[in-house]
Amino acid sequence: MTGVYHRLQARFFPPIPDAIRDDVALLRADRVETLTPMLFLMLAATTPTAIYGGVETVHPFIRIGFPVILAIVGVLGFLFLRHNRGRRMSPRRARRIIREASWVSGITGGMCCLWTVTNWLAAPPETHSYYAMIMAMGSLATAYCLSSIRFATFLNLGVGLAPVSALMLTSGNPPEIAAGTSLVIATLFLLRMVVQQHGQVIDLLELQRQMRELAHTDPLTGLANRREFDLRLDEEIAKADGAGRFAIALLDLNGFKPINDRHGHAIGDGVLCELADRLRRACGHHAIVARQGGDEFAILVPAGSPLLGTALADHILAALAAPYRIEGRSIGVGAGVGTAYWPEHGDSARQLLEVADRALYAAKAANRPLPSSVESVGRVA
């Protein structure tokens, strides 16, 4: 029994990859906010006809009270969504919208179903089909608006259509049995379309994530590329305040071209990949390491990073000092590092990069540490 449950769960509710979980939530919430206002209006608009079409013998709380409650929910839901239109959507808010949409639609669907079943049982047989049509149209419209949320779709179709379909199939009336069969088939078809749509959305978001990674990742080393570094630097400047400081470091290898000439580009690529791994280990989660191109690298040390309390250039060069073992060969290669700090060396990305670049090439030219009076530190190894 457990195996059947897991197979059904994997078939209808497959897990969402962690990397795109937020993207899925944002997409679902956006679709809900786009489509449900009209659904709420439709719910409110059907109230007078529902009251008018109710059977007199049905208890007034169900015959009149339920439609009135649904009308109030519809108006309030429409006004709430209109009020929040254009508001920034965060993953946390998106998940809250998804939960609320699922349970509100499930509860209102249950009320509509109870109204329909009660009136069906109290109405003459020749009018049964009208109540079934009202319920079917409402449930299918709701399922369409919430089709991006599989749980809400299954819940609404189950609560809204299962009881009505059962009444039609067991009525003993051939036209109602035929209509009930068609309704069940249409429901199953819609559920299949929802599952397929979910799979297509997941594939599309996975592809978008991969494209984003390709656009912001260096294909050889797996580090961030120049574009990603520039974006992160701009973000760090935008959120910086006078109380904090952050740093950037530019790194350039010494004599890298002879390695390619002597050993081949495959060995040179191996050196770059090994260097990237060393920089990752040296910086951990406390800095952003990027490959600028060729043998040039950049490091962004954000505000609050413990690396700001170290001699940054020396810390980086210490990680690169050991020879590189590439395909059984021991290859030594030096590097120069230039650093700059915000805000003392500039309040823009261009100024910080210029200061770090000058520090780097001054250190490489002198082949020694810069004087202590130079705050933008350059080091060569």
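These legends describe close-up views of a predicted model.

**View 1. Two domains make up the domain assignment of the protein chain.**
Domain 1 covers residues 1–214. Domain 2 covers residues 226–367. Taken over C-alpha atoms, the centres of domain 1 and domain 2 are 54 Å apart.

**View 2. Helix α4 runs from residue 60 to residue 83.**
The helix has 24 residues. At 1.5 Å a residue it should span 34 Å, and its end C-alpha atoms are 33 Å apart, so the two values agree. F66 marks a kink of about 25 degrees.

**View 3. Buried residues of α4 pack against other helices.**
Among the buried residues of α4 are I62, R63, G65, F66 and P67. Further along, the buried set includes L70, A71, G74, G77, F78 and L81. An α-helix has 3.6 residues a turn, so residues three or four places apart point the same way. The packing partners of these buried residues are α2 (21–45), α3 (47–53) and α5 (91–122).

**View 4. S147 sits in the loop between α6 and α7.**
Helix α6 spans 128–145, and helix α7 spans 150–169. S147 counts as buried because its relative accessibility is 8%, below the 20% cut-off. Its side chain makes a polar contact of 3.3 Å with the side chain of R31. A polar atom of the S147 side chain also lies 3.0 Å from the backbone oxygen of Y144. Leaving aside residues up to four places away in sequence, S147 touches R31, T153, V194 and Q197.

**View 5. D18 and R21 form a salt bridge.**
The closest N and O atoms of the pair are 2.9 Å apart. D18 has a relative accessible area of 64%, so D18 is exposed. R21 is partly exposed, at 35%. The structure holds 15 salt bridges, counted over the model.

**View 6. R93 and E33 meet in a salt bridge.**
The N to O distance between their side chains is 2.8 Å. The pair links distant parts of the chain, with R93 in helix α5 and E33 in helix α2. They are 60 residues apart. R93 is buried, at 5% relative accessibility. E33 is buried too, at 15%. Side chains of opposite charge can pair when their charged atoms come close.

**View 7. D218 and R291 form a salt bridge.**
Their closest N and O atoms are 3.2 Å apart. This pair also links distant parts of the chain, 73 residues apart. D218 lies in the loop between α8 (174–216) and α9 (226–239). R291 lies in strand β2, residues 288–293. Both residues are buried.

**View 8. Salt bridges link E228, R232 and E235 in a network.**
The view shows the three side chains of E228, R232 and E235.

**View 9. A362 lies in helix α13.**
Helix α13 covers residues 349–366. A362 has a relative accessible area of 32%, so A362 counts as partly exposed. The C-alpha atoms of A362 and N156 are 69 Å apart. Along the chain, A362 and N156 are separated by 206 residues.

Note on methods. Residues numbered from 1 in each chain as written. Predicted model: local features only at pLDDT ≥ 70, side-chain atom pairs only at ≥ 80, totals over all residues. Heavy atoms only, no water. Helix = DSSP H or I, 4+ residues; strand = E, 2+ residues; numbered from the N terminus. Expected span 1.5 Å × (residues − 1). Bend = angle between axes of the 7 residues up to and from the residue. Buried < 20%, exposed > 50% of the residue type's maximum accessible area, 1.4 Å probe, protein only. Contact = heavy atoms within 4.5 Å. Domains from an automatic or database assignment. Polar contact = N/O pair within 3.5 Å; in protein donor to acceptor, adjacent residues only side chain to side chain. Salt bridge = Lys/Arg side-chain N within 4 Å of Asp/Glu carboxyl O.
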